[in-house]
Each structure stands twice: as structure tokens, then as C-alpha cells.
Amino acid sequence: LRSFLEAIHADSDDNSGLFGNVWSQTFVDMWNKTDSLAGILRDTGLATSFPTPGRLDVGGIASQLKLIAQLINTRNERGNGINRDVFYCEMGGYDAHFQVGTIMGNKLPSLNHAVATFWAEIKAQG
């Protein structure tokens, strides 16, 4: 797919127009930057072990915090000009109208473990 898209965006001539050329170059640049970031994140090791999906990752909160920890750990490699990061994660399902004890009993231990692991990782990163 990549070679096909590169071939499409490499073909330009005098009739291509400025907008088409800028759009194509921006597309290729973003694709390359995404590949670079994926490689950096794949090679990033963390000091702590985040739980795999399952009982301790209800709602994917641990996976989200692991990705945030990796992004924080790679702040220098992600490029110049990044002096402030903002991250967002969520864990839905707290709007419980019945079986509140069961729902909270499943979610809160996972949230507690994920935040504790994230905090341990941030402290390990310095």
C-alpha cells in the first residue's frame, strides 16, 4: 500500500496545482513521521510492567496509561519544539444505575492498579 500511495503522490506536473502538491507532500511527511513515531514507541522500554488486557485492565485504562508513559519517555526523540504535552485517557462505564457494587468492584481495582503502575513508571523515569 505504501509504495502505491507514494507513487500516486510522487506524480506531479505543471498542471498539478499548488494545493495538490502541498497536500501530497504533507501526506507523505505525516506518513513518514507516523512510521518514525511507531518505531520509536515500539523500541521504548519501560521500567515497570503494565498489566496485559484482562482482569487488571478493565476498560483498557492500563493500556492507555502505558502508551502515555511511553510518549513521556520519548519526549526528546519525538522532535524539537515539543515543550508541553497534554494526554487524555478514559475509562467509561461508571454511570451505573444498578449493580453498583459489582460494577465498581470490577472497575476500581483495575483503575487503582493502572494508576499505581503509571505513577511507579513516571517516578522511574525521573
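How many helices and how many strands does the secondary structure of the protein chain come to? And from there, which residues make the contact of helix 3 with helix 4?

Modeller: This is a predicted model. The protein chain has four helices and zero strands. Along the sequence, the pattern reads α-α-α-α. The chain holds 126 residues, and 21% of them count as buried. Now take the contacts with a separation of 6 or more: 64% of them join residues 24 or more positions apart.

Now the part you asked about. Helix 3 and helix 4 pack with their axes 9 Å apart, at an angle of about 10 degrees. Angles under 35 degrees count as roughly parallel, so helix 3 is roughly parallel to helix 4. From helix 3, the contact takes in Ile61, Ala62, Leu65, Ile68, Ala69, Ile72 and Asn73. From helix 4 come Ser110, Leu111, Ala114, Val115, Phe118, Glu121, Ile122 and Gln125. Sorted by class, this contact has 11 nonpolar, three polar and one charged residues.

The largest nonpolar core has nine residues: Phe50, Ile61, Ala62, Leu65, Ile68, Ala69, Met91, Ala114 and Phe118. Two elements give two or more residues to it, helix 3 (61–73) and helix 4 (100–125). Helix 3 gives the most, with five residues.

Setting aside residues up to four places away in sequence, Ala69 touches Leu46, Phe50, Phe118, Glu121 and Gln125.

Next along helix 3 is Gln70. Gln70 is buried, because its relative accessible area of 13% is under the 20% cut-off. With neighbours within four places in sequence left out, Gln70 is in contact with Leu41, Thr44 and Leu46. Leu46 is also touched by Ala69.

Thr44 takes us to the loop between helix 2 (18–43) and helix 3. Its relative accessible area is 14%, so Thr44 is buried. Beyond the residues up to four places away in sequence, Thr44 touches Gln70, Asn73 and Thr74. A polar atom of the Thr44 side chain lies 2.6 Å from the backbone oxygen of Ile40.

Asp43 and Thr74 are 31 residues apart along the chain, and their C-alpha atoms are separated by 10.0 Å.

One last stop is the loop between helix 3 and helix 4, where Gln99 is placed. Gln99 is not a glycine, yet it has a positive phi of about 50 degrees. Gln99 counts as exposed because its relative accessibility of 52% is over the 50% cut-off.

Conventions
Residues numbered from 1 in each chain as written. Predicted model: local features only at pLDDT ≥ 70, side-chain atom pairs only at ≥ 80, totals over all residues. Heavy atoms only, no water. Core = buried A, V, L, I, M, F, W, Y, C linked by side-chain atoms within 4.5 Å. Buried < 20%, exposed > 50% of the residue type's maximum accessible area, 1.4 Å probe, protein only. Contact = heavy atoms within 4.5 Å. Axes fitted to C-alpha atoms, helices over the stretch in contact; angles between N-to-C directions. Parallel < 35°, antiparallel > 145°, perpendicular 65-115°, else oblique. Nonpolar A, V, L, I, M, F, W, Y, C, P; charged D, E, K, R; others polar. Polar contact = N/O pair within 3.5 Å; in protein donor to acceptor, adjacent residues only side chain to side chain.
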